[in-house]
Amino acid sequence: MTERKVLIAGNWKMHTTLAEARELAGAVVRSSTNLVGREVMIAPPFTALSAVAEVLGDSRVLLAAQNVCWAEKGAFTGEISPLMLKDLGCGMAIIGHSERRHVFGEDDALLNKRVLGAMEQNLSPVFCIGETLGQREGGQTMSVLEGQVRNGLAGVVVTDPGALVIAYEPVWAIGTGKTASVEQAQEAHAFVRTVLADLFEKNIATQIRILYGGSVNPDNVDVLMGQEDIDGALVGGAALKAESFDRIIHYR
Ligand code: PGA
């Protein structure tokens, strides 16, 4: 039997002032109090991590950064190290979000450095992959996903399957209101799992969580979470509203 604990993650992107971040984090803590068997993670902007860490206190809500450098310290203007993030209470970091890939031009080789650097410091990556609309229409979805997984995770050694999370986010579904159909999502997740099984030992690969992301909302979360290989959600827009995130983490 595989046991993959559901992870519902909120990616706040470049939103929230300190006051807004504190308020939203407080609401997530209240929402999560009686949640059984599911993990909840939030990724505020860097500027709010410290304030949110205080609000989270010893609650069960996990704190993540939206990006991370590979080096412990040094001449990397504009970057934040895994050590710095751990210092303020982060246990996870989103790496390779499609906005990093497509707006800031981060490629698989750079992302691989981020993944390796984070894992070296025991910061768990939420490593994002996903095809563009053109790639899907050109029938390249699976080869793109395979390349992103193989290149992004090159050299990665996984001993604790809980310490690496993959997020499949079709680029065309992010912030557009378009969700992949459940069949498209399940198909992609099952495929990614076969690639993981080739990279890692089978019992490790079957336990690595694969989240779905891209316009997840209170209306589609139930059916998405009903799919065999969907182990959670990476939520953008709907994570910024306490009510909708509450509904999402309490999916049925
Ligand atoms: P969205 O964003 O839910 O607003 O589509 C998801 C993400 O970018 O992680």
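The shell around the ligand is made up of 4 nonpolar, 7 polar and 2 charged residues. The model is predicted. Among the 13 residues around the ligand, those that come nearest are Lys13, His97, Glu169, Gly175 and Ser215.

**Contacts to the ligand**

| Residue | Protein atom | Ligand atom | Distance |
|---|---|---|---|
| Lys13 | polar side-chain atom | oxygen | 2.7 Å |
| Gly175 | backbone N or O atom | oxygen | 2.6 Å |
| Gly236 | polar backbone atom | oxygen | 2.9 Å |

On its own the ligand has 280 Å² of accessible area, and the protein covers 95% of it.

Lys13 sits in the loop that runs between strand S1 (6-11) and helix H1 (18-32).

Asn122 is another residue other than glycine with a positive phi, here near 60 degrees. Asn122 belongs to the loop between helix H5 (108-120) and strand S5 (124-129). Is Asn122 buried or exposed? The relative accessible area of Asn122 is 57%, so this residue counts as exposed, the cut-off being over 50%.

Key:
Residues numbered from 1 in each chain as written. Predicted model: local features only at pLDDT ≥ 70, side-chain atom pairs only at ≥ 80, totals over all residues. Heavy atoms only, no water. Helix = DSSP H or I, 4+ residues; strand = E, 2+ residues; numbered from the N terminus. Buried < 20%, exposed > 50% of the residue type's maximum accessible area, 1.4 Å probe, protein only. Near = heavy atom within 4 Å. Polar contact = N/O pair within 3.5 Å; in protein donor to acceptor, adjacent residues only side chain to side chain. Areas by Shrake-Rupley, 256 points an atom, 1.4 Å probe, with all protein chains shown as cover. Nonpolar A, V, L, I, M, F, W, Y, C, P; charged D, E, K, R; others polar.
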